[in-house]
Structures are given as structure tokens and as C-alpha cells.
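I opened this model to look up what surrounds its two ligands. My entries follow.

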Amino acid sequence: MKPIGVIGGGAWGTALAQVIASGSREVLLWAREPEVIAAINDHHENSMFLPGIALSPLIRATNDLSWVAEGEAVLVVTPAQHMRVVLADLSQHAQPLILCAKGIEAGTHKLLHEVAQEAHPYSPIAVLSGPTFAHEVAAGLPTAITLAAEDEDRAKALAALIARPTFRPYVSTDLSGAEIGGAVKNVLAIACGVVEGAGLGQNARAALIARGFAEMTRFGMARGARPETLAGLSGLGDLVLTCSSTSSRNFSLGVGLGQGRSAHDLLSDRRTVAEGAATAPVLVEAARAAGVEMPIADAVCALLAGEAAVGAVVERLLTRPLGAEHRA
Ligand SMILES: NC(=O)c1ccc[n+]([C@@H]2O[C@H](COP(=O)([O-])OP(=O)(O)OC[C@H]3O[C@@H](n4cnc5c(N)ncnc54)[C@H](O)[C@@H]3O)[C@@H](O)[C@H]2O)c1
Ligand SMILES: O=P(O)(O)OC[C@H](O)CO
């Protein structure tokens, strides 16, 4: 059996490597930080990004991307905004690339499968996205996730390759839907954290999840996503997960904003990623370009940019004209 490659030694790349290795598959994991490579190879732990999990000895870490490219498939798990640069350093090959980051590219407004296809025209592209906190997945807790590829047989084959007894991919052919759910829910998770931090109550949080889902659906459909994908694991499923737990970095960032701290303070000096902070301004621009109204995403963007205080943002949302719950 050929090994599987993983690009990205953060919490999620490491957790996915652990899942795959649990099926007696060798994993070649590319990490950026020499400390991460040394800790995985010498001590079978990623103490920087996923501490406290004893990793399989079948996981070997490297800083050599050409090594990883030998995998039967390659999981790409860098933060969204770094993906194009890292893929440019990966040699062209014909193995499938499975994209696991959640975001929309700044500047181009492209979804990550569009970015990857430009960078690797000969590789089949798939997307893996859903409600999956890395520490739970790495601990072997039951998890379901969407695996999307344009070709259904390819999606089924990749799902079979990475499925494990407690890790259950459901296949889809809707790449855009799988990606948009994951990207947009990060922004909405920040909003839900603000509700928590500002003490606005659980009614407000439920309203925000439902109205946020309406925004996700409007934007997704404008960008070619299927509504049933958005209502599935990678959309609504992940939205519910990240909007209700401080295990979410995006929700936690929102809690800090809701308590009146600045995004600059909350984001400086952190090694881990809160993708919603990078996605929010891109999403707002992309929604405007598509003629889609996204008042909650606008509010998150204004808070992150320090353009408005929490009270003003909440008032702006509450004083919007009353309207129909469902638009024709
Ligand atoms: N952590 C989770 O539970 C989880 C679950 C599903 C999806 N994701 C997604 O996976 C992606 C990676 O997140 P994570 O949680 O593994 O990261 P992390 O926060 O654990 O670690 C940060 C990662 O960013 C990398 N990085 C920093 N600067 C970089 C650069 N210039 N070029 C390339 N890489 C750079 C670091 O090497 C490290 O791998 C994100 O898009 C995230 O939304 C995370
Ligand atoms: O910690 P967060 O907010 O990046 O969420 C992690 C995953 O995306 C949850 O599915």
C-alpha cells in the first residue's frame, strides 16, 4: 500500500494523519515548523498544535514536499490564504488532492478547489469539510464529514480510502457547496461568539444561527452551491458545531470581540488560525459582487476592522426593516 500525503502540520492536518494511520496506512506529513517535524518524528506528538495526543508511529513528518507528493492521495490542510503558495511548490502529479481548509481566497474571491485546479491542472480535486473539531477526531470520537468530488466514483473511492470505524465520510459531487458552508460558518461562528461575549442571550444566538444560515444559503446559491449541501454536514452541521462551543477558535474570537476587546489584540501573537477573520472581508466583497445581502457578515467585518462597537453593530442589525422570513 502506498502512503497518504498530508500537507500542513497544524491541528487538523495532524488529526487527519492520525485518523488515516489508525487504518494501518503510512502517512507522510509535511510541516512548516522544524519543531513540529522533530516532535512528531522523535516523540510522536505535535505539542505545538495538537498537544496531549499520542500519535501513531506510522506518521512521519518532513519539510520536503516532493516526498509527500509520492502519496496515493494528498490531503491539503494549510490555512486557506496560504494554499496557493504552498501548492505552487508541490510538483505536478496526477494523484488526487483533497482540500481540507475552509476559506475563500482574498483578492480573487475564488473557492479553494478553483485555486487548486489552477495550480494543479492534472490532479483530480476533492473537498473534505464538516463538523470536525481536530482534538475530538484525533481522540477517535465519532465524526461524520462531507467528501465532495466532481466525479461521484472518485468521491466514493476517496471516501473508502480515508474512512475509518469512527470517521465516516458522506460523498457529494458539489464542491462549491461543501466549500462555501465551511467558509461562511467560520464568519457566523464569530458572530455567535459576540452574542455570547456581549451576554445577548440564547434566543439571540438561535436567531443568529437561523438568519446566518439564510445568508449562507443566499450566497451559496449565487455561487452555484446546491441548497441540500448547505443544509448538510459541511454547512448547517458545521455551523451548529462552531456556533455553540468555545472549542471553536472562531467562536472564541467572537467572545473576545463581544467583551469589547479589539481584533488586533485578540489576533496578535497567536500561532493558531481563526479562518473567519480572514474570510469575513473577502466574503463581504464577494457577496457584494454577487448582489447578495449578508448583514451578519457585514457586522462581523465591521467589528473585526474596528469600524464599529458591539452596541452599534447590534443596533444596526435590530433596526433593519422588517421583512419576510423567506424570500422568493
Ligand atoms: N482545527 C480544526 O479543528 C479544523 C477542523 C476542520 C478544518 N480546519 C481547517 O484546517 C485549516 C488548517 O487549520 P489548523 O487548525 O490545522 O491550523 P492550526 O491553527 O492548528 O495551525 C496553524 C497552521 O498554519 C500554518 N501556517 C502558518 N503560516 C503559514 C504559511 N505562511 N504558509 C503555510 N502554512 C502556514 C502552520 O504551519 C500550521 O500548520 C484551516 O483552514 C481550518 O479552518 C481546522
Ligand atoms: O476552531 P474553528 O472555529 O476553526 O473550527 C474548527 C472546525 O472548522 C470545526 O468544524
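I take helices (H or I, at least four residues) and strands (E, at least two) as DSSP runs, numbered from the N terminus. The model is predicted, so I kept its limits in view: local features need pLDDT of at least 70, side-chain atom pairs count only at pLDDT 80 or more, and totals for chains, interfaces and linings use all residues. Residues are numbered from 1 along each chain as its sequence is written, chains are lettered from A and ligands numbered from 1 in the order in which they are written, and side-chain values use heavy atoms, with hydrogens and water left out.

**Ligand 1**

I looked up the shell of ligand 1, where helix H1 (residues 11-21) gives the largest share, three residues. I count a residue as near if one of its heavy atoms lies within 4 Å of the molecule. Ligand 1 has 23 residues around it, and Ala11, Glu33, Ala134, Val273 and Glu275 come nearest. By class I noted 11 nonpolar, six polar and six charged residues. Here Ala, Val, Leu, Ile, Met, Phe, Trp, Tyr, Cys and Pro count as nonpolar, Asp, Glu, Lys and Arg as charged, and the others, Gly among them, as polar.

I then checked distances from oxygen atoms of ligand 1. A polar backbone atom of tryptophan 12 is 2.8 Å from one, and a polar backbone atom of valine 273 is also listed at 2.8 Å. For arginine 249 a polar side-chain atom lies at 3.0 Å. The protein covers 89% of the 830 Å² of accessible area (Shrake-Rupley method, 1.4 Å probe) that ligand 1 has on its own.

**Ligand 2**

Which residues are closest to ligand 2? I found Lys102, Asp238, Ser248, Arg249 and Asn250, out of 13 that surround ligand 2. The shell divides into three nonpolar, six polar and four charged residues.

A polar side-chain atom of lysine 185 lies 2.8 Å from an oxygen atom of ligand 2. Asparagine 250 likewise has a polar side-chain atom 2.8 Å from a ligand 2 oxygen, while glycine 130 has a polar backbone atom at 3.1 Å from one. The protein covers 92% of the 310 Å² of accessible area that ligand 2 has on its own. Helix H11 (233-242) and helix H12 (249-258) are the elements that give two or more residues to this shell, and H11 gives the most, with three.

**Domains**

I asked why ligand 2 lies between domain 1 (4-173) and domain 2 (176-318). Both domains give residues to the shell around ligand 2, so ligand 2 lies between them. The bounds come from an automatic or database domain assignment.

Notes:
A polar contact is a pair of N or O atoms within 3.5 Å; within protein, one must be able to donate a hydrogen and the other to accept it, and residues adjacent in sequence count only if both atoms are side-chain atoms.
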